[in-house]
Amino acid sequence: MAKLRPEDVFTPATPVRDDMFATRRHEDLQDRVEAVLGERGRQVVLFGLTGVGKTSLIRYLCNQRKILYIRVECGGTFEEMAREALGRAVGEEEIERIKKTTGEAEFGATVWGFITGKVKVGQESEIRTAKVPRNIAALVAEAFALLDYRVLFLDNFENVLGKSHEKETTRAISEMLKLFSDRSIDAENDVKIVVAGIPTASEQLIRLDEATARRTAQIEVTRMPSEELDQILERGGEKLDLEFEGFARDQIVQYSDGFPYYTHLYGLHCARRAIKDGSAQVTIEHFEGALDSILADCDLALRRTYIDAAETSGEVRVRKTVMEAMASVNDLEVSFKTIREEFLKLHPGRYPSVEKLNFISPSMTKLKELNVLSDRDAPKSKNNQYRFTNPLMRGYVRLRIFKERQPTLTDV
């Protein structure tokens, strides 16, 4: 068996392999999701920040329970997503053939005929007398049930937001959740929909219809606690015959900021550096030495947003300092008063008091325009609460601060 490489183990760009999955026992998250997957008729909405592991959680649980599932990335129209789900179940080439050789009026009937031709012989007489499903949502439900798929996983629902078809698609998914629940009165028809997205998008979906909300379990996937992030390093190290030294582990976990995405990213680059050095141990020197490559490998949108926002010159780079002030506290939402206090700490002795820092307000407005910060738009700025629009930004800013504070050769 070939020796595993760091990129085989630490995978920031894809859902984690089952053998690298860190158990989500905090607040009984894993048990709660697993219980709902086994509850007939109950649909699931998972909500949580980007990068906290929603996709990996569903993938792992379905694999462990041997549940056949199909994942569809949200973003297209409802019709496009439904057809993709059918293509995954029936065969994408077959769906393409049917699309080319039939009109839209005959599409559903032709797909239905192809599906019924694939099922077990014992079900044939019952299926032949069944009516063609009345719409594409019902066709997906029937196809999944007949072909033994038990979960349709609609991932990254937030990708629908802002699209011209947002309202229509959101309404169609809400109706589909009800349809799947209503069908589950018969065990053989119990197919589940799991929708995963960021909190605001998920709330919008559930608020559409009280009946949908009653049929749906809404479960939050929070940031990972330190002990679960540490599991990732422990397992990754074992697979690569590497040991993450204590201080290095602590720093990697700390700078991960609760996101397994970052733990995998740091683990990948640190392991590469340690192996290149011929070391069996990942040390803090490997972490520090990998900072340039880590920062260069962070999400492109994140890097571009930061670079566009931070001034390139000036004795006091106000927007850059505001971002650092925001990143220096652990609260996810930060008041204007706290930002001023942290700004003052970053420039000790330069300004007499926080009251003299009202000049940062225009810079904060600019950061909002650049989509770096969001706020609650309180009537008075001192009462306002600010947060990073992209939750991954805080960890990125903290890492840049850490990098910039490293001593250079001239300092040694």
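Strand 8 and strand 10 (residues 385-388) pair in the antiparallel sense over 2 bridges; two strands count as paired if DSSP finds at least two bridges between them. Helices (H or I, at least four residues) and strands (E, at least two) are DSSP runs, numbered from the N terminus. The model is predicted: local features need pLDDT of at least 70, side-chain atom pairs count only at pLDDT 80 or more, and totals for chains, interfaces and linings use all residues. Residues are numbered from 1 along each chain as its sequence is written, and side-chain values use heavy atoms, with hydrogens and water left out.

- The open sheet has 3 strands in the order 8-10-9, with antiparallel pairing.
- Strand 8 (334-335) and strand 9 (373-375) are at the edges with a single partner strand each, so one side of each has no neighbour in the sheet.
- Serine 335 is opposite glutamine 385 of strand 10.

**Glutamate 342**
- Helix 19 (residues 336-346) contains glutamate 342.
- Glutamate 342 is buried, at a relative accessible area of 13% (buried means under 20%, exposed over 50%, partly exposed in between; 1.4 Å probe, protein chains only).
- Beyond residues up to four places away in sequence, glutamate 342 touches Ala325, Ser328 and Val329 (contact means heavy atoms within 4.5 Å).

**Nonpolar cores**
- The largest nonpolar core has 85 residues, and Phe10, Tyr262 and Phe287 have the most contacts inside it; a nonpolar core is a set of buried Ala, Val, Leu, Ile, Met, Phe, Trp, Tyr and Cys residues joined through side-chain atoms within 4.5 Å.
- Helix 14 (residues 260-276) gives the most to this core, with 8 residues.
- Another core, of 45 residues, lies apart from it and includes Cys74, Phe107, Leu177 and Leu205.
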